[in-house]
Amino acid sequence: MRIAPENKSDIKHRNGEQTLDINEILKHVDHTLLSPQATWDEIRQICDDAIKYHTASVCIPPSYVSQASKYLGERVKVCTVIGFPNGYSTTAVKAFETEDALANGAKEIDMVINIGWLKDKRYELIEDEIKKLKSICKDKVLKVIIETCFLTDDEKIRMCDITTSAGADYIKTSTGFGTAGATFDDIKLFSVHIGEGVKMKAAGGISSLDDAERFLELGADRLGTSRVVKLIKAME
């Protein structure tokens, strides 16, 4: 990554072998707070952080989208989650959630697939659902959460194919509520099997700046995390 020596947010790491550009990482971060206990004061704080640190978006619960969108205006995009975290809502429910979120000001939608359908090999239902939600999103971004911790490599590859053919914008590793989050191996696997135009989002368990940079080096375009901004604030 390019070095900006005058920027105090650049730090040395990896035994001095490389310089990590914090600002480059931040512009790929979906600054996330999806805790069921999240209050408006906490949501507003991550909105303020997103403004200050120029993150790609804030990723927040649907119930706060309207309030956050009004608070942020055009300064930072609001992302929200659909069918979260288990993915087993009906397609009609996910469609309504998506319409409601967009009406409330969301610019990006992160949907969870029906993992049971994948295990049952009902691939056409998953693809039809993604297509339905993308048709609602239109030019807004749709990310497809496949919850990699519950899947075999063959199922992950199948979801790369389905996500591509359904026209989604991103494939995303995890909700952060499963048994594990993003891994380097998952992003490596995605990068081989996704189609042209599909980007990758690593989410869940990204706990260090080294890890964040590594995910980006492997080709991830977005990072779903709350910790990157916290780490940077702690260094100031």
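Modeller: Two strands are said to pair if DSSP finds at least two bridges between them. Please bear in mind that this is a predicted model.

Colleague: What makes strand E8 (residues 170–172) and E9 a pair?

Modeller: E8 and E9 are joined over three bridges, in the parallel sense. At least two bridges are required, so E8 and E9 count as paired. Within E9, Met-200 is the bridge partner of Ile-171.

Colleague: Why is the crossover from E8 to E9 called right-handed?

Modeller: The chain passes from E8 through helix H8 (residues 184–193) to E9. With the strands pointing away from the viewer, a clockwise path over the helix is called right-handed, and this β-α-β crossover is right-handed.

Colleague: What makes E9 and E10 a pair?

Modeller: E9 and E10 also have three bridges, in the parallel sense, where at least two are needed. Lys-201 stands opposite Arg-222 in E10. Together, E9, H9 and E10 form a right-handed β-α-β unit.

Colleague: Why is strand E9 (residues 199–203) described as largely enclosed?

Modeller: A residue is buried when its relative accessible area is under 20%. Four of the five residues of E9 are buried, so the rest of the structure largely encloses this strand.

Colleague: How do you know that the buried residues of H10 line one face of the helix?

Modeller: In H10 (residues 227–235), Val-228, Val-229 and Ile-232 are buried. Viewed down the helix axis, the buried residues of H10 fall within an arc of 95°, so they line one face. Lys-230 and Ala-234, on the other side of H10, are exposed. The buried residues of H10 pack against several elements, including helix H1 (22–26) and strand E10 (222–225).

How values were computed:
Residues numbered from 1 in each chain as written. Predicted model: local features only at pLDDT ≥ 70, side-chain atom pairs only at ≥ 80, totals over all residues. Heavy atoms only, no water. Buried < 20%, exposed > 50% of the residue type's maximum accessible area, 1.4 Å probe, protein only. Helix = DSSP H or I, 4+ residues; strand = E, 2+ residues; numbered from the N terminus. Arc of directions from axis to C-beta. Contact = heavy atoms within 4.5 Å.
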